Amino acid sequence: MSLGKEGIANSCPRFVAEYSAEERCGIEASEIRERVLRLDSALESLRKPMKLVIFGLTVSSSWGNGHATLWRGLCKWLARQGHQVTFFERDVPYYAGHRDLVNPPGYGLKLYSGWQEIDKEAEQQVRESDAAIVTSYCPDAQRASDLVLDLPVLKVYYDLDTAVTLDKVRSEGRVEYVPNYGLGGFDLVLSYVGGKALQELQQLLGARKVVPLYGSVDPELHQPVPKADRYEADLSYLGTYAVDRQAMLAELFLKPARRLPKKKFLVGGAQYPADFPWNDNVWFVRHVAPQDHPEFYCSSRATLNVTRAAMASVGYCPSGRLFEAAACETPIVSDSWEGLAEFFEPGRELLAAESGEGVVEALSRSPEDLHRIGKAARERVLSAHTAQHRSRELIAYLEATA
């Protein structure tokens, strides 16, 4: 893994998490991120393909998790850029029963039933790699971390559940998917959310270098498509059921449904309990497969984005669903949180709502107005939030760290 000319290598920016409070002097993570991306452009002609090994939750099943869709996009575009990727996934019954990817295009998927089955192969793969990544909710995070930290390789931890991680550490002292010695041994820690969470990963888990690697969307899979009768609605919501989303979902979705009994509201997702408070005008589709997401979004006049409470509390927390809906040119009504304007401009690229009244107002807008908002959101996504953008950011961060 070469950075090319010494002058370029020496110009690598330091990461925001390396600065003390006095040194930081107002430098924000977004500025550091921009500097890394400028370095990425300078290195483009000198770049050599990298070999990456990932120990994660799942890439083979999108059922009830947000990891799979994100990794599919990242791995696909990493492969297209010439990088070699191998994803190790424990073959658990839950995801095996809902598997919707078996032979991923361009990268390797290694399913295993237990760590002893792959310990030798994993060690060999890591030894031959440029970087090894352990992720949050990896069932074998401890063993994978032990392996990675013991070998001469760029050591990376990617927390795709940062807000949940920090919340559990505060309340319980530790998290099962974070190694028992914390994150101090990793050369780089990536966080799915930004803002104050970056410093908290340092303070609570000992991370040394922290940068955000936000969600993204694959524009080849998510784009405007014709409407489908089965998903037609005035307002849709796509997401797995979560207890800490329920209060906001009740306020921004169920309350407007009661206020607008002649309009159709549609929920798509998994793990919804039998006692969910459905209304007569609220319809439900159990699990919408990734390939059907564009039809789902494009068949509604607007779609709702609701962020989990733990994520909203730290801010800078765009979900993958937010980018997917925008890529499909669907007008978005979103809950509001700190940093939202860093990703989409409220009022022009999406509509932010803090109460059910705000959602009712949004649905009263003209079709032309909503169309302008959806079109602007798609333009923003294509310019800054695709899986291709994020895969290049990832490589730039790895090279800068090296």
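# Sheets, helices and cores in a predicted model

An open sheet of seven strands has the order 3-2-1-4-5-6-7, and its pairing is parallel. The strands and helices named here are DSSP runs, numbered from the N terminus (helices: H or I, at least four residues; strands: E, at least two). Two strands count as paired if DSSP finds at least two bridges between them. The model is predicted: local features need pLDDT of at least 70, side-chain atom pairs count only at pLDDT 80 or more, and totals for chains, interfaces and linings use all residues. Residues are numbered from 1 along each chain as its sequence is written, and side-chain values use heavy atoms, with hydrogens and water left out.

Solution. Start with the order 3-2-1-4-5-6-7. Strand 3 (108-112) and strand 7 (210-212) each have a single partner strand, so one side of each lacks a neighbour in the sheet. The twist averages 20° from one strand to the next; axes are lines fitted to C-alpha atoms, for helices over the stretch in contact, and angles run from 0 to 180 degrees between N-to-C directions.

Next take the pairs. Strand 1 and strand 4 run parallel and are joined by four bridges, with Leu52 opposite Ala131 in strand 4. Strand 4 and strand 5 are also parallel, over five bridges, and Val134 has Tyr157 of strand 5 as its bridge partner.

Helix 16 lies across strand 1, strand 4, strand 5, strand 6 (188-191) and strand 7, at about 155° to strand 6.

## Exercise B: strand 5

How many residues of strand 5 are buried, and which residues lie on each side?

Solution. Apply the cut-offs: buried means under 20% relative accessible area, exposed over 50%, partly exposed in between (1.4 Å probe, protein chains only). Six of the six residues of strand 5 are buried, so the strand is largely enclosed by the rest of the structure. In a regular strand the side chains alternate between the two faces of the sheet. Sort the residues accordingly: Leu154, Val156 and Tyr158 are on one side, with Lys155, Tyr157 and Asp159 on the other, and both faces are covered.

## Exercise C: helix 4

What span should helix 4 have, and against which elements do its buried residues pack?

Solution. The expected span is 1.5 Å times one less than the number of residues. For the 14 residues of helix 4 (residues 67-80) this gives 20 Å, and the end C-alpha atoms are 20 Å apart, which agrees. Just after the helix, Gly82 takes a positive phi of about 95°.

Then check burial. Eleven of the 14 residues are buried, among them Leu70, Trp71, Leu74 and Trp77. The buried residues pack against strand 1 (51-56), strand 2 (84-90), strand 4 (131-135), strand 5 (154-159) and helix 16 (387-401); contact means heavy atoms within 4.5 Å.

## Exercise D: the cores

Which residues have the most contacts inside the largest nonpolar core?

Solution. A nonpolar core is a set of buried Ala, Val, Leu, Ile, Met, Phe, Trp, Tyr and Cys residues joined through side-chain atoms within 4.5 Å. The largest core has 93 residues, and those with the most contacts inside it are Phe55, Trp71, Tyr158, Leu183, Leu190, Phe344 and Leu398. Beyond four places in sequence, residues touched by Trp71 include Ile54, Phe87, Thr135 and Tyr158. A second, separate core of 25 residues includes Tyr237, Phe276, Ala353 and Ala362.
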